[in-house]
Amino acid sequence: MAAAEDALRNAIDPREFDAPEFQRDPFPLYKKLRDHHPLYHDRFHNRWVISRYWDVDGAFQDNGSFDRAVYRPDGEYAFGSEHVFGPNILEYGNSDQHRWLRNMVAGQFVGNRLTGFLPIVNQIATELLDKIREQGEVELISQFTSQFPIRVISNMLGLPREDEDIFVGWYQALIAGLGFGGEHLMRGVAARNEMWDYLDPLMKERERNPGDDLLSRLVAAELDGERMSPEEIKGFVALLLAAGGDTTDKAIANMWFHMLYTRPDQLDDVKADPELWSNVFTEMMRYDPVVHAQFRHTTREVKLHDRIIPERAGIILYLGAGNRDERAFKNPDTFDIHRDDLHMGRENRSGRYKDGKPGHLGFGIGQHFCMGYAMARQEAVIACSQLAARLKNIRPKFADHEGISSPSIDSGGFRSPNELWLEFDA
Ligand code: HEM
């Protein structure tokens with residue numbers, strides 16, 4: 001009798017995933033999933049849900065069983081011509097073509113390439129803050145976070161500085177089209193096409209007169225005797241806007257939200273030692289990461305928790321839930337930048353670290369591990385340190401945080417505040 005009552009109490013109605021309560025605060029449902037349904041078959045959305053830390057980690061690592069590609073009902077890859085970004089690397093799944101493209105571009109965002117670019121990252125942060133510092137208050141998202149990473153990418157590509165505002169406009173339309181249908185999608189696709197028309201002559205010009213910018217390097221890159229097609233280059237640039245721009249924008253907003261509202265006491269620690277912004281980034285990526293879910297398809301039958309997931313089943317990997325798993329982290333629902341059970345240093349693709357501590361899952365792991373992991377951290381740390389140093393005596397004024405900001409399933413569930421107002425001494 002007690003067991004039956006327990007089962008009833010812990011049952012999940014799959015419509016809960018679409019409810020506003022889940023968008024606002026997904027963590028209670030994540031806990032129920034981890035504790036009572038570590039492998040949940042969601043028949044309503046036709047997918048299987050994985051939520052425990054080591055299970056999410058295992059699926060990310062198991063390329064033989066879990067593919068990133070999206071299939072059409074006829075079993076062929078569904079490349080994203082109707083997707084707002086057009087065909088892009090994420091949709092190459094786990095194929096050799098993905099490996100080829102990744103090897104071609106991944107080096108652009110790490111090591112010396114990244115270090116050489118940091119003065120410009122600093123300069124862009126300074127320029128934006130110069131416009132704000134006399135105001136005495138700021139809505140951080142519209143005036144800073146949504147501007148900063150996209151201007152960084154525009155500069156990295158070597159686009160003319162006078163075109164930066166146009167690029168920001170395309171970015172906003174593309175992001176608004178992401179995960180939404182109808183009018184938003186149409187506007188997003190129109191912005192993408194405009195951006196592609198803009199890039200065409202620029203790519204030809206960079207082919208003739210290469211510079212030291214990302215676009216020139218993408219045009220010239222060659223691996224195994226092959227170059228990227230113009231569509232692949234443009235699809236990659238479009239993806240960068242969301243994968244590199246929107247995510248970092250929201251990461252900076254999440255860092256400030258938690259410093260101001262969740263742990264103001266620890267904001268004092270960070271002001272005293274700005275090196276700790278790196279810990280704030282890591283703990284944010286665990287406690288409340290920007291991206292909460294990633295999608296996979298099984299390529300064969302998979303046994304997990306004594307059940308069989310069939311071949312070609314849709315899988316949702318809730319990395320936001322894995323990050324709060326008490327099987328991996330002590331007091332997982334506490335935001336703590338001084339944690340001793342989380343790998344605080346830079347992430348890597350294997351997700352295994354010399355200090356033996358588990359890392360956050362916020363960049364994924366394995367074949368599709370985020371290519372911009374080092375760049376995102378550097379950008380976020382530079383932005384937050386400059387903000388804290390240049391806006392004196394920052395205080396929270398108002399925040400509107402409705403939770404997952406792009407509610408559609410294929411948006412990956414980006415989570416961040418919609419508005420974040422700060423006050424400071426002008
Ligand atoms: C805090 C900011 C960021 C977050 C939360 C984030 C998150 C992620 C996640 C979760 C994935 C894995 C997708 C999967 O497993 O299917 C990913 C992949 C990717 N990210 Fe990021 N990302 C961030 C910043 C960046 C930046 C700055 C760039 C580039 C400049 C970037 C470029 C990419 C690319 C190209 C991929 C696809 C990799 C592949 O399929 O091989 N990301 N990102």
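How many bridges pair β7 with strand β10 (residues 314-318), and in which sense? The legends below answer this and move on through other close-ups of the model, which is predicted.

**View 1. Strand β7 pairs with β10 and with β3.**
β7 and β10 pair over five bridges, in the antiparallel sense. Look for Arg296, which stands opposite Ile315 in β10. Strand β3 (residues 66-67) is joined to β7 as well, by two bridges. β3 and β7 run antiparallel. Here Asp67 has His297 of β7 as its bridge partner. Strand β7 covers residues 293-298. Five of its six residues are buried, so the rest of the structure largely encloses this strand.

**View 2. Five strands make an open sheet.**
Follow the strands in the order β1-β2-β10-β7-β3. The pairing in this sheet is mixed. Strands β1 (39-42) and β3 stand at the edges. Each has a single partner strand, so one side of each has no neighbour in the sheet. Helix α4 (residues 53-61) lies across β2, β3, β7 and β10. Helix α4 runs at about 125° to β10.

**View 3. A second open sheet has three strands.**
The order is β4-β12-β11, and the pairing is antiparallel. β4 (137-139) and β11 (392-400) are the edge strands. Each of them has a single partner strand, so one side of each is left without a neighbour in the sheet. From one strand to the next, the twist averages 20°. Strand β12 (residues 419-425) pairs with β4 over three antiparallel bridges. Within that pairing, Glu139 has Trp421 of β12 as its bridge partner. Helix α12 (residues 230-262) packs on this sheet and touches β11 and β12. The direction of α12 makes about 100° with that of β11.

**View 4. Phe17 and Tyr318 stack.**
The structure holds 18 aromatic pairs. One of them joins Phe17 and Tyr318, and this pair is stacked. Their centres lie 6.2 Å apart, with 10° between the planes. Phe17 sits in the loop between α1 (2-9) and α2 (20-24), while Tyr318 belongs to strand β10, so the pair ties together parts that are 301 residues apart in sequence. Are Phe17 and Tyr318 buried or exposed? Both are buried.

**View 5. Two tryptophans, Trp256 and Trp277, form a tilted pair.**
The ring centres of Trp256 and Trp277 are 5.1 Å apart and the planes stand at 45°, so this pair counts as tilted. Trp256 lies in helix α12 and Trp277 in helix α14 (residues 277-287), so the pair ties together parts that are 21 residues apart in sequence. Trp256 has a relative accessibility of 0%, so it counts as buried. Trp277 is at 1%, so it counts as buried too; the cut-off for buried is under 20%.

**View 6. An aromatic cluster, with arginines over rings.**
One aromatic cluster is formed by Phe17, Phe22, Phe27, Tyr30, Tyr40 and Tyr318. Arg47 lies over the face of Phe17, at 4.9 Å from the ring centre. Over the ring of Phe27 sits the charged end of Arg324, 3.6 Å from its centre.

Which residue is the only protein donor of the iron atom? It is Cys370, through its SG atom, at 2.3 Å. Cys370 is found in a loop. That loop runs between α15 (319-322) and α16 (373-390).

**View 7. Gln266 is buried in helix α13.**
Gln266 lies in helix α13, which covers residues 264-272. What is its relative accessible area? The value is 3%, so Gln266 is buried. Set aside its neighbours within four places in sequence, and Gln266 is in contact with Met259, Phe335, Asp336, Ile337 and His338.

Technical notes: Residues are numbered from 1 along each chain as its sequence is written. This is a predicted model: local features need pLDDT of at least 70, side-chain atom pairs count only at pLDDT 80 or more; totals for chains, interfaces and linings use all residues. Side-chain values use heavy atoms; hydrogens and water are left out. Buried means under 20% relative accessible area, exposed over 50%, partly exposed in between (1.4 Å probe, protein chains only). Helices (H or I, at least four residues) and strands (E, at least two) are DSSP runs, numbered from the N terminus. Two strands pair if DSSP finds at least two bridges between them. Donors are N, O and S atoms within 2.8 Å of the metal (3.2 Å for Na, K and Ca); water is not among the atoms, so sites may look incomplete. Axes are lines fitted to C-alpha atoms, for helices over the stretch in contact, and angles run from 0 to 180 degrees between N-to-C directions. Contact means heavy atoms within 4.5 Å. Rings of Phe, Tyr and Trp (its six-membered ring) pair if their centres lie within 6.5 Å; planes under 30 degrees apart count as stacked, over 60 as edge-to-face and the rest as tilted. A charge sits over a ring if NZ of Lys or CZ of Arg is within 6 Å of the ring centre and within 35 degrees of the ring normal.
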